[in-house]
Amino acid sequence: MVYQVGASLPANAPSYVVRQADQELYDALRAGELCYVLNSRQMGKSSLRVRTMQKLQAEGVACAFVDITAIGTEEVTPGQWYGGLLKTLINNKSFGLLEQFNLRAWWREREMLSPVQRLREFVEGVLLKETSQNMVIFIDEVDSILSLGFKDDFFAFIRACYNQRADDPQYRRLTFALLGVAAPSSLIGDKTKTLPFNVGRAVQLQGFQLHEVKPLAEGLPEEVSNPTAVLKEILSWTGGQPFLTQKLCKLIVTSELSIPAGKEAESVEKLVRSQIIKNWESQDQPEHLRTIRDRLLSNEQRTGRWLGLYQQILQEGAIVADDSLEQTELRFSGLVVKQQSELKVYNPIYRAVFNQTWLDKQLASLRPYSEAIDAWLASKSQDESRLLRGQALRDALEWKAHKMLGAQDNDFLDASQQLDRLEMQRKLDAERTKKTEVLLATQKKTARLQRFFLGAVSTALLVTSMLGLATFLQYRKAAINEIQALTNSAEALFTSNQRLDALLEAIKAKLQWEKLVIGVDPQTKLEIERDLERVLGQAVYGVVEYNRLPEDKRVFDVAFSPQGKMLASASENNTIKLWNQKGELLRTLEGHQGWVYGVAISPDGKTIASVGEDKTLRLWNLDGKELKRITGHTDEVWGVAISPDGKTIASASADKTIKLWNLDGTLQTTLTGHEEKVWGVAISPDGKTVASASADKTIKLWKLDGTLLTTLKGHQGEVRAIAISPNGKMIASASQDKTVKLWNSDGTLRQTLEGHNAPVYGVTISSDGKIASASADNTIRLWSPEGTLLQTLEGHRDRVFEVVFSPDGKIIASASWDKTVRL
């Protein structure tokens, strides 16, 4: 067997994969229905057309194939285009017109008719009269006609053929199949004309399913021990995308890859990463990934919208699908797919190639301020001359509207706005100063007259002043020493976590300084005011933000050690970082081959578990050594939890399952029942119950043996996170519907917490029953056990993805896409 990558497969090719669309298209055309197969490129439309034509012709149906690109669309007149269309139909052997029909003479005789009228007369007076069989005309690459000013007439003509069936039964023998890469709504621009597609059938080309790809197994070499298992792994990477699936099969053959039983996942992953993802632009032969890239970047006016929409999907995992033009056009790029009312990235290969780094680079090239922000970032965000002002800033803010930008863009624009406001204030201050100077000049004239009289008085006071000067200097020195002592005290109190005392000391120092500020030399004044501003600001804002741990990429999860002295963070940079509460980086754990989505620390504090984009669960010791790499999930793994006795690890995956593992990596059981990806998982304090949160809008409670206890319903959006209180009596769930719901342990709803104005991604419960929630509105909200909003913690510059209490309940840690963990 030969695997064919790209181009149309021959009708009898053994590597052809029969899908549901094959039977659907064949049955519909055989019944005389208008059909349209409008999908992204390299989904197998052309091969489907070849195969369907062969089956229809075998039953006596006359079939013709028209490739619009062969007729031409550049600088072509309507007469030339329609003439080329007729010539293609006449040259088709199935109609038997080539030897008996003189197109040139026939065309000249009808010069008084418009081209589309000549087409109708040809169909009615020639085609239907001279051909006795049923006819199907396949028209491929219909999207290439979109640039023609007369395209509306052509598609309206197709609809007219169907209308004519009521008056002329002969038209029932003629039908059309339209194939291409275009939304049906884009084929006719004049909305006053009736679309042809409200009478036709849309045939959807889905990706390959495992039960459909059995023919591909026959071509795999003998060195592949379990072809079905290998194909399953291939499909988990390609999502069934036909081009990529055929390409991976061919790579296994050409690379003479030996894949022993049990090594399918590891071997296929290695092949994908080395032969497709790594240096993808140079390895993309025949062209596929570049086709997607070029389509995304082809329309200068719409590219920004497409990339903004894709960024939302990339960051949130999926969004609600609709029929908007932007979503439809993005689907036709092939990069995303609509599945069960959601729009998501088609497959892990696309996610790895068109990742956030690639997206940031493309957005940077679109920015109206690219040169300015690049220079500002190069200066480590210090060069204020690169910030935007005035009209340039207003233009940038207008461009930003309705876009989801990265943290660097937001920082740059925020800094520009702050500087713009500051310069405006300086301008106002300068105007006030000028007015004051005018007033002082007027007062100087009066002052001269007063000086003479003051001279005598001043002489008398001189002796007294000299005696007091020495005393004043000693007092000022003592006061400055006291202010510095108060400042140092505030610093020490803040460091030791005595926030209120630090605040009081800082205020005392500030009040003392305000009494003394006159007469202090400039250098001393600068130093004291700088120290005061630092400790006072630290004390005021430190009441909320205790510390900040800087990451270099977006952070997805954070976890405290059982003693609360150490934190672990999971990041977009494929690592787990270990920190102390002072913000000092202790160690970086490296090994994951993709983003790390979840992290947990065992009850004894000796083992760290992490999960991520590479579909693995990994175990580490505190020295950073990888103890175990556990595979079994067939899609990204998002959540991880460790039981209170430390013997069981639960992992939640986009493959719709929760798996329970022993510490040695052996599988205890798989919990199945969710209809969509599982975002989060938690284990009760008694270790007997597992709770899972899913994109199917439900929470499920399970026994450890896999028995489903109950399903909690009530959320109107995906459930993104789940938490169980330390006493085991309450469950909290966070959802994309912007709410947090509190449940009893038996599954009954206690309360719904409303207040966030964006999806809620994280939730946690403290030892005293308080609830903290993390949201895409960039805030953390703190709630009482009764559901009262106690406090809103602001400061993050991007969505907050996870939140967790320290074991003693005194500190909250939050993980954010602004590349920080905050305490």
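Tutor: Lys 151 has a relative accessible area of 8%, so it counts as buried (under 20% is buried, over 50% exposed and anything in between partly exposed, with a 1.4 Å probe and protein chains only). Please keep in mind that this is a predicted model, in which local features need pLDDT of at least 70 and side-chain atom pairs count only at pLDDT 80 or more, while totals for chains, interfaces and linings use all residues. Residues are numbered from 1 along each chain as its sequence is written, and side-chain values use heavy atoms, with hydrogens and water left out.

Student: OK, and what does Lys 151 form a salt bridge with?

Tutor: Its partner is Asp 152, with 3.0 Å between the closest N and O atoms; a salt bridge here is a side-chain nitrogen of Lys or Arg within 4 Å of a carboxyl oxygen of Asp or Glu. Asp 152 is buried as well, because its relative accessibility is 11%.

Student: How many salt bridges are there by this rule?

Tutor: The count comes to 28. One of the pairs joins the side chains of Glu 287 and Arg 290 at 3.8 Å, N to O; Glu 287 is partly exposed at 33% relative accessibility, whereas Arg 290, at 16%, is buried.

Student: And which residue does Asp 414 pair with?

Tutor: The side chain of Asp 414 meets that of Arg 797 in a salt bridge of 2.3 Å, N to O. This pair links distant parts of the chain, 383 residues apart, with Asp 414 in helix H21 (residues 407-495) and Arg 797 in the loop between strand S33 (789-793) and S34; helices (H or I, at least four residues) and strands (E, at least two) are DSSP runs numbered from the N terminus. Asp 414 is partly exposed at 21%, and so is Arg 797 at 32%.

Student: Which residues are linked in a network of salt bridges?

Tutor: Arg 41, Glu 141 and Asp 143 are linked in such a network.

Student: Changing topic: where does Asn 39 lie?

Tutor: Asn 39 sits in the loop between strand S1 (35-38) and helix H2 (45-58), and it is buried because its relative accessible area is 8%. A polar atom of its side chain lies 3.3 Å from the backbone oxygen of Leu 205.

Student: What else is Asn 39 in contact with?

Tutor: Leaving aside neighbours within four places in sequence, the contacts of Asn 39 include Lys 45, Gly 180, Val 181 and Phe 332, where contact means heavy atoms within 4.5 Å.

Student: Now pockets. What volume does the largest pocket have?

Tutor: It has about 1300 Å³, a volume being the space filled by probe spheres set on grid points joined across faces, edges and corners. A pocket is an open set of points on a 1 Å grid over the protein atoms alone, where a 1.4 Å probe fits, with protein on both sides within 12 Å along at least five of seven lines, and lining residues have an atom within 4 Å of a point. The largest pocket is lined by 48 residues, with Ala 641, Ala 682, Ile 724, Thr 764 and Val 804 nearest its centre.

Student: And what about the second largest pocket?

Tutor: That one holds about 1000 Å³ of space. Its lining has 28 residues, of which Leu 235, Gly 239, Gln 339, Tyr 346 and Asp 635 are closest to the centre. Helix H10 gives the most to this lining, with 3 residues.

Key:
A polar contact is a pair of N or O atoms within 3.5 Å; within protein, one must be able to donate a hydrogen and the other to accept it, and residues adjacent in sequence count only if both atoms are side-chain atoms.
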